Amino acid sequence: MNKKIKPWSQAHSAKTFATLRNLQSTIHHAKDIEQDIRILARQLKEQTVTTQIYQLDKNIETNLRHLQKVFSDGDDVIIRRLLVSPARQKAALIYIEDMADQAVINNHIIAKLTCSCFGVDNNRNSDNLAGSITNILTAGSLTETMEIQQAVQRVLLGDTLLLLDGVPTLYIIATRNVKLRSVSPPDTEPTVTGPRDSFIEDLRTNITLVRRRVNNPNLVIKKSVVGQRSHTEIAVTYLKGVVNYKYVCEVERRLNNLQIDMPENLAIQNLIADHPHSPFPTTQQTERPDRFVSALLKGRVGIIIDGMPFAVLVPTVLSDLFKATDDYQEKWMTATAIRLLRYIVAFFALSIPAMYIAITAFHPAMIPTPLALAIGISREGVPFPSFLEALIMISFLEIMHEAGIRLPRTVGQAVSIVGGLVIGDATVRAGLVSSPLVIITSFTAIATFSIPDYRLALAIRLLRMPLMAAAASFGMYGLMIALLIIFIHLSNLESFGEPYLAPLIPQSLLRLDDLKDTYIVAPTSVRTVRPTYLEPEDLTRQDPTK
Amino acid sequence: MLKNFAGILLLVLTLFITGCWDRREIENRGYVLGVGIDHVESTEPKGQYDLDKAAQAAGRRKYKITFELPKFRKQEASKELSSGQSHLIWSAEGESLFAATRAVSAKVYFAPFFEDIQIIVFSEQVGKEGIRDILDFFQRDAEMRRRVKLLVTPGRAEEVLSAKLQVEEVNSMFIAKTMNSVSKYPHFSSETELGQVASFLRNHQSFTLPLVVVENKEVRLTKAAVFNNQGKMIGKLNELEVMGGKILRKNLQKGIVTVPNPANPSKLAVFEILEHSIKVDSLLVDNQINFVVKAVFIGTIAENMEPKQSAIDSSFLKKLEQELVDYISAIIRSGYRKQQLLHADVSELNSLVYRQHPHYWKQIKDRWDEEIFPTVPLEVDIKVNIARPVLMD
């Protein structure tokens with residue numbers, strides 16, 4: 001037996017293995033093909049819907065079939081069939097579960113339609129019913145439309161669609177049930193004495209917050225839709241009689257030119273900004289309605305985006321980013337001191353690590369002898385050159401910045417202990433970093449936090465590193481050259497046609513009025529004109545003499 | 001576009017590949033805080049190797065230049081080392097100070113850095129030989145500061161720098177700070193800075209430098225070394241003469257005058273000058289110049305050591321004021337006399353003559369220090385006003 005089997009097995013085993021391998025791979029391929037076919041079938045079945053291809057029909061069933069396709073057979077789309085009471089006429093309601101207010105649908109639509117006690121005549125004519133439908137329904141707003149596209153859009157926002165058999169019209173009933181959080185105090189722009197409300201994610205609420213502050217019919221809110229897939233509502237806001245229309249037209253032109261799927265949060269401000277490649281923000285974002293309104297009153301244009309608790313203000317010049325709401329509520333002298341402090345501190349936040357490097361490694365004669373000796377003593381034994389030392393500490397700072405944002409609140413304390421103790425104290429004790437640099441680093445951190453605008457602070461944090469490199473290579477000379485490059489860049493920037501340094505460096509001596517709210521905060525009674533660089537239609541802001 | 005970008009990148013890179021020129025970390029700089037200049041005592045090597053000798057192709061081994069540097073050390077370590085010195089001393093010898101400075105670099109890796117230099121001390125011997133040629137190095141070097149204070153010591157300058165003082169501070173810093181006390185104690189020459197001395201030498205003007213002496217862990221500033229218009233030290237003013245010279249030069253700030261108490265000559269009365277108005281005039285009569293000093297000193301009685309005498313008594317005050325007038329006049333005269341003896345007009349009276357009598361000055365300017373100045377009479381007219389005699393009672 002053994003002798004017979006052995007040659008057989010030897011001869012055939014290789015062949016069998018090859019066959020099995022082939023079979024195995026065929027099965028694999030078959031599985032792939034099956035998967036591909038399934039995907040293809042799904043794609044064919046669920047094609048991206050464009051509503052334009054469907055026409056309204058007299059027959060309700062046809063319309064319903066079309067709409068069902070439009071809504072991709074979604075499970076949250078409710079189609080409620082009913083018979084309108086006296087005539088037993090077929091009708092259907094389409095709405096999205098939870099987005100529409102179920103109570104309104106029950107009480108004001110279904111109850112009325114199926115109620116047997118119509119006040120009107122009992123004619124079975126469907127045209128009659130269509131005519132009297134406005135009287136039957138007790139819902140707030142009712143729109144008739146022939147276009148499926150508009151109707152679908154409204155349903156997606158939470159409205160209800162009413163279809164009647166034999167009537168080629170769609171009735172849109174306002175049943176929106178928007179789930180909102182309440183208006184809460186601003187998180188990122190806190191003030192001491194300012195108002196405590198801030199924008200929320202809902203466009204309508206935000207517009208309300210703005211309207212409440214300006215009781216003026218000249219406050220214009222122009223809504224448009226941005227995002228080819230998301231259809232996000234955007235409101236361009238301005239004050240008629242104040243704003244220069246060149247800004248309004250420019251904002252609308254840029255918004256209309258946008259070809260995007262969806263305005264992802266505030267990414268829209270990068271898309272409409274003049275200089276997308278500059279680190280400096282040429283638009284301003286705010287979550288404070290009071291700030292938004294005061295900007296409108298100066299002649300700026302506001303953009304409110306649905307779903308964002310921040311509004312965007314344009315044009316934005318550098319001095320706008322140094323203003324805080326509290327400035328105008330304080331006495332002008334204290335406000336001026338604080339404003340000046342912010343400019344100085346921003347400069348130091350940008351340059352003080354670089355200055356430290358330049359002075360200690362290149363120009364120690366610039367500091368008084370006892371200070372130079374003190375720094376020398378503390379640097380004794382530090383194994384890194386001052387640039388590397390500063391780079392390590394500033395990198396630590398940046399990492400902690402970033403970690404601070406990402407951290408869950410519960411572990412925040414642990415990080416602050418690790419950061420403060422380990423980085424502050426232990427590195428000095430270990431002799432890796434000199435203690436003056438720890439002071440410099442913490443000063444830098446605090447200075448960065450005192451810049452009112454977050455995006456400006458980001459720009460400053462970014463530019464700090466190149467400045468340090470310049471200072472490490474060429475000392476004060478390099479630092480000055482780098483600062484000059486930054487200033488040249490700043491003076492090249494524009495925001496919606498407005499020079500970025502506009503009021504800080506007045507265009508002419510006739511425009512000195514603008515300086516009253518830049519480096520200083522002039523008394524309120526003196527600030528009688530709106531910013532002239534914005535060329536507002538009505539320059540006079542107030543006239544206290546009258 | 002890409003070509004342009006690459007070009008710009010190359011240009012920028014050439015900037016960076018030059019490296020960090022001039023970069024020297026602060027702890028690697030040799031902060032020279034004080035410089036001492038002595039004559040070399042003996043040219044015999046002190047050990048097996050002649051450590052101090054600077055290599056010079058020409059010139060003798062004449063000067064010994066000593067640098068005082070701070071000792072950088074960690075604060076934690078200072079507790080253990082509290083008995084140790086807080087400074088480092090490096091020196092080299094040669095005729096050229098620059099060559100000697102460079103010779104120090106063979107001893108220590110941190111190159112001397114002069115921008116924070118506080119004092120330069122000359123030994124009296126060096127001063128007597130003239131400091132003009134030495135100062136050239138200190139004026140020429142780009143790192144030098146015009147605010148460096150110059151001092152003369154009767155002993156060896158290196159000992160002033162290397163002496164161990166009571167305070168744990170670098171000697172040079174300590175001396176430089178102590179020189180500010182001249183406003184309270186005017187009996188040593190006002191601080192004289194390198195820039196001033198340079199302009200004195202340029203204008204052929206005599207000047208004084210304070211003396212610094214070291215003994216028993218202490219330094220003291222005292223008197224004044226008088227340098228003639230050639231930059232050679234020719235003598236000293238004692239402490240009272242220094243004060244008299246300062247009154248003539250109108251740079252007295254404050255000071256005290258001690259006189260015997262009029263009520264009891266064996267006890268003292270002390271007057272503190274708070275304010276003064278000094279007027280120095282030159283009168284030219286028959287081509288003969290003479291000086292007039294008119295001054296009013298206002299001050300308080302700082303000490304009345306005779307307890308029986310009421311300080312409010314007007315006759316006592318009158319007597320005291322008269323004593324003070326005599327005493328201050330004597331100080332002024334003695335200071336002036338000494339300057340005349342030394343043929344060195346360190347009170348800058350020559351500029352007064354130049355301003356008030358320019359024609360006369362033209363005739364005599366070459367003979368001023370040697371011939372005219374020693375013969376000019378001085379008239380002293382002093383008033384003393386005791387403004388606040390009583391603080392107690």
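This is a predicted model: local features need pLDDT of at least 70, side-chain atom pairs count only at pLDDT 80 or more; totals for chains, interfaces and linings use all residues.
Reader: How many salt bridges are counted between chain B and chain A?

Author: The interface brings 26 residues of chain B into contact with 22 residues of chain A. B:Glu27 forms a salt bridge with A:Arg379, with the closest N and O atoms 2.8 Å apart. Between chain B and chain A, the count is two.

Reader: Which element gives the most residues to the largest nonpolar core?

Author: This core has 59 residues, and A:Phe280, A:Leu318 and A:Leu456 are among those that touch the most other members. The elements giving two or more residues include α10, α11 (369-379) and α12 (386-406) of chain A. With 16 residues, the element that gives the most is α15(A).

Reader: Which residues does A:Leu318 contact, leaving aside neighbours within four places in sequence?

Author: A:Leu318 is one of the core residues that touch the most other members. Beyond its sequence neighbours, its contacts are A:Leu456, A:Leu490, A:Tyr500, A:Leu501 and A:Leu504.

Reader: How far apart in sequence are the parts tied together by A:Tyr343 and A:Tyr519?

Author: The ring centres are 5.4 Å apart and the planes lie at 50°, so the pair is tilted. A:Tyr343 lies in helix α10 (residues 332-361) of chain A, and A:Tyr519 in the segment after β12 (498-499) of chain A. A:Tyr343 is buried at 14% relative accessible area, whereas A:Tyr519 is partly exposed at 33%. The pair therefore ties together parts whose separation in sequence is 176 residues.

Reader: Is A:Lys323 buried or exposed?

Author: A:Lys323 meets A:Asp517 in a salt bridge, 3.6 Å from N to O. A:Asp517 lies in the segment after β12 of chain A and A:Lys323 in the loop between β10 (311-314) and α10 of chain A, so the pair ties together parts 194 residues apart in sequence. A:Asp517 has a relative accessible area of 10%. The cut-off for burial is under 20%; at 9%, A:Lys323 is buried.

Reader: Which residues are linked with A:Lys323 and A:Asp517 in a network of salt bridges?

Author: Over all chains the count comes to 47 salt bridges. The network holding A:Lys323 and A:Asp517 also links A:Lys298, A:Arg300, A:Asp320, A:Asp327, A:Arg339 and A:Arg342.

Reader: Is A:Arg406 buried or exposed?

Author: A:Arg406 and A:Glu402 meet in a salt bridge, 2.9 Å from N to O. Both lie in helix α12 of chain A, four residues apart, about one turn of the helix. An α-helix has 3.6 residues a turn, so residues three or four places apart point the same way. A:Glu402 is partly exposed at 35%; at 59%, A:Arg406 is exposed.

Reader: Why is helix α8 of chain B largely enclosed by the rest of the structure?

Author: The buried residues of α8(B) include B:Leu194, B:Val197 and B:Phe200. Among the elements covering them are α5 (132-140) and β7 (149-153) of chain B. Helix α8 (residues 194-202) of chain B is largely enclosed because its buried residues number seven of the nine.

Reader: Which residue has its charged end over the ring of A:Phe496?

Author: The charged end sits 4.1 Å from the centre of the A:Phe496 ring. It belongs to A:Arg254.

Notes
Residues are numbered from 1 along each chain as its sequence is written. Chains are lettered from A and ligands numbered from 1 in the order in which they are written. Side-chain values use heavy atoms; hydrogens and water are left out. Buried means under 20% relative accessible area, exposed over 50%, partly exposed in between (1.4 Å probe, protein chains only). Contact means heavy atoms within 4.5 Å. Rings of Phe, Tyr and Trp (its six-membered ring) pair if their centres lie within 6.5 Å; planes under 30 degrees apart count as stacked, over 60 as edge-to-face and the rest as tilted. A charge sits over a ring if NZ of Lys or CZ of Arg is within 6 Å of the ring centre and within 35 degrees of the ring normal. A nonpolar core is a set of buried Ala, Val, Leu, Ile, Met, Phe, Trp, Tyr and Cys residues joined through side-chain atoms within 4.5 Å. A salt bridge is a side-chain nitrogen of Lys or Arg within 4 Å of a carboxyl oxygen of Asp or Glu.
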